[in-house]
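Work through the exercises below with the sequence and the model open. Try each task before reading its solution.

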Amino acid sequence: FEYHNQCLCLGAACRRLTSRENAVIHLFIQNTGRIVKREEILNKIWGRSDYFSGRSLDVYISKLRKYLQEDPSISIENISKVGFLFQLKG
């Protein structure tokens, strides 16, 4: 992950991230192994915590999971009604 270049590389493949994808993955990496509350993500990245921003966050999480699915050592786990847990295994 290259924060300043908004780039996520897995093996030889690199993917350019949008500014929000970049911000979400950066927040997860800073909080690896710790539950990050939905409200915290929404307020830090979207600047508000409402229904529409929450649905948008779900789409970004889905995209990030798709990008990261090739590396089984990385996971983004839903913690029901709380937030997300980003983990690096191994």
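## Exercise 1: The start of the chain

Beyond residues up to four places away in sequence, Phe 1 touches Cys 7, Leu 8, Leu 17, Asn 22, Ile 25, His 26 and Ile 29. The model is predicted.

**Solution.** 
- Step 1. Buried requires under 20%, and exposed requires over 50%.
- Step 2. Arg 48 is 47 residues from Phe 1 in sequence, and their C-alpha atoms are 26 Å apart.

## Exercise 2: Helix α1 against helix α3

**Task.** At what angle do the axes of α1 and α3 cross, and which residues meet?

**Solution.** 
- Step 1. Find α1 at residues 19–30 and α3 at residues 51–68. Their axes come within 10 Å and cross at roughly 75°.
- Step 2. Angles of 65 to 115 degrees count as roughly perpendicular. So α1 is roughly perpendicular to α3.
- Step 3. List the α1 side: Arg 20, Glu 21, Val 24, Ile 25 and Phe 28. On the α3 side are Leu 57, Tyr 60, Ile 61, Lys 63, Leu 64, Tyr 67 and Leu 68.
- Step 4. Sort the residues of this contact by class. Nine are nonpolar, three are charged and none is polar.

## Exercise 3: Helix α2 against helix α3

**Task.** Describe how α2 crosses α3, then sort the contact residues by class.

**Solution.** 
- Step 1. The α2 and α3 axes come within 10 Å, crossing at roughly 95°. This makes α2 roughly perpendicular to α3.
- Step 2. From α2, the contact uses Arg 38, Ile 41, Leu 42 and Trp 46. From α3 come Ser 53, Gly 54, Ser 56, Leu 57, Asp 58 and Tyr 60.
- Step 3. The classes are five nonpolar, three polar and two charged.
- Step 4. Zoom in on Ser 53, a residue of helix α3. Its relative accessible area is 2%, so Ser 53 is buried. Leaving out residues up to four places away in sequence, Ser 53 touches Leu 42, Trp 46 and Arg 48.

## Exercise 4: The nonpolar core

**Task.** How many residues has the largest nonpolar core, and which element gives the largest share?

**Solution.** 
- Step 1. The largest nonpolar core has 21 residues. Val 24, Phe 28, Ile 41, Trp 46, Leu 57 and Ile 76 have the most contacts inside it.
- Step 2. Two or more residues each come from α1, α2 (38–46), α3, β4 (74–79) and β5 (83–88).
- Step 3. Helix α3 gives the largest share, six residues.
- Step 4. Beyond residues up to four places away in sequence, Phe 28 touches Val 36, Ile 41, Ile 61, Ile 76, Phe 84 and Phe 86.

## Exercise 5: The sheet and its hairpin

**Task.** In what order do the three strands of the open sheet lie, and which helices lie across its strands?

**Solution.** 
- Step 1. The order is β3-β5-β4, with antiparallel pairing. The edge strands are β3 (35–37) and β4, each of which pairs on one side only.
- Step 2. From one strand to the next, the twist averages 25°.
- Step 3. Check the β4 and β5 pair. Six bridges join these antiparallel strands. Glu 77 faces Leu 85 in β5, and Ser 75 stands opposite Gln 87 in β5.
- Step 4. α2 lies across β3 and β5, at about 60° to β3. α3 lies across β4 and β5, at about 150° to β4.
- Step 5. Three residues separate β4 from β5 in their hairpin.

## Exercise 6: Positive phi

**Task.** Where do Gln 6 and Lys 81 lie, and is each buried, partly exposed or exposed?

**Solution.** 
- Step 1. Recall the background: most residues other than glycine have a negative phi.
- Step 2. Gln 6 has a positive phi near 50°. Gln 6 lies in the segment before β1 (7–10). At 26% relative accessible area, Gln 6 is partly exposed.
- Step 3. Lys 81 has a positive phi of about 65°. Lys 81 lies in the loop between β4 and β5. With a relative accessible area of 84%, Lys 81 is exposed.

Key:
Residues numbered from 1 in each chain as written. Predicted model: local features only at pLDDT ≥ 70, side-chain atom pairs only at ≥ 80, totals over all residues. Heavy atoms only, no water. Axes fitted to C-alpha atoms, helices over the stretch in contact; angles between N-to-C directions. Helix = DSSP H or I, 4+ residues; strand = E, 2+ residues; numbered from the N terminus. Parallel < 35°, antiparallel > 145°, perpendicular 65-115°, else oblique. Contact = heavy atoms within 4.5 Å. Nonpolar A, V, L, I, M, F, W, Y, C, P; charged D, E, K, R; others polar. Core = buried A, V, L, I, M, F, W, Y, C linked by side-chain atoms within 4.5 Å. Buried < 20%, exposed > 50% of the residue type's maximum accessible area, 1.4 Å probe, protein only. Pairing = 2+ DSSP bridges.
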